[in-house]
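I opened this structure with two things to look up.

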Amino acid sequence: VINREPRVLAVFYHGGPFGDGNIRSTTADTGGTGDRYNATAAYARSQGMDFKGAIISPSATQGPGVETGKTFLENNYQDGDTVIVYGYSYGGDNAVNLAEAVPNIPINTMIIVDSSDGPLRGSTVDTSIPNNVNTAYN
């Protein structure tokens with residue numbers, strides 16, 4: 001039995017490998033990802049759910065952004081949370097790697113949009129869906 005308001009816990013990765021792998025303090029300059037993040041937060045709240053989320057800037061390598069997302073989920077996940085992971089373009093690969101890095105946290109929904117690894121033209125993009133992901137949209 002969960003004795004608290006339902007909550008959405010969300011990790012969103014925007015595109016481009018030019019970030020530092022850290023959580024953004026604002027949705028400015030995150031393009032459509034910021035718009036999707038804001039819409040998700042607004043919808044959750046309109047349904048009476050608390051919302052806690054992070055937009056992460058992917059860096060040139062996967063490690064920093066994945067580690068930041070993992071730390072965010074591990075520090076905030078509570079039983080009963082609805083977990084959403086979203087990745088656009090270069091952030092799509094980060095999203096899949098994040099789900100793999102937290103095998104004991106159930107990801108209710110993972111959304112990957114135009115996943116890319118830049119100049120490698122998708123040759124190293126992880127297209128697997130980890131077992132802890134309930135529903136995946138690509």
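Before reading any angle, I noted how it is defined: axes are lines fitted to C-alpha atoms, and angles run from 0 to 180 degrees between N-to-C directions. The model I am looking at is predicted.

Entry one, the sheet. I looked up the strand order. The sheet is open, has five strands and reads E2-E1-E3-E4-E5, with parallel pairing. I then checked its edges. Strand E2 (50-56) and strand E5 (133-137) each pair on one side only. Neighbouring strands are turned against each other by 15 degrees on average, direction ignored.

Entry two, the helices on the sheet. Helix H1 (residues 31-46) packs on the sheet and touches strand E1 (7-13), E2 and strand E3 (82-88). The direction of H1 makes about 170 degrees with that of E2. I turned to H2 next. H2 lies across E1, E2, E3 and E4. Against E1, H2 runs at about 175 degrees.

I followed strand E4 (residues 107-113) to E5. The two run parallel and are joined by four bridges. Ile 107 stands opposite Val 133 in E5.

I found Thr 68 in helix H2 (residues 62-76). Is Thr 68 buried or exposed? Its relative accessibility is 16%. Buried means under 20%, so Thr 68 counts as buried. I then looked for its contacts. Leaving out residues up to four places away in sequence, Thr 68 touches Gly 21, Asn 22, Ile 23 and Ile 56. A polar atom of the Thr 68 side chain lies 2.5 Å from the backbone oxygen of Gly 21.

Terms used: Residues numbered from 1 in each chain as written. Predicted model: local features only at pLDDT ≥ 70, side-chain atom pairs only at ≥ 80, totals over all residues. Heavy atoms only, no water. Buried < 20%, exposed > 50% of the residue type's maximum accessible area, 1.4 Å probe, protein only. Polar contact = N/O pair within 3.5 Å; in protein donor to acceptor, adjacent residues only side chain to side chain. Contact = heavy atoms within 4.5 Å. Pairing = 2+ DSSP bridges.
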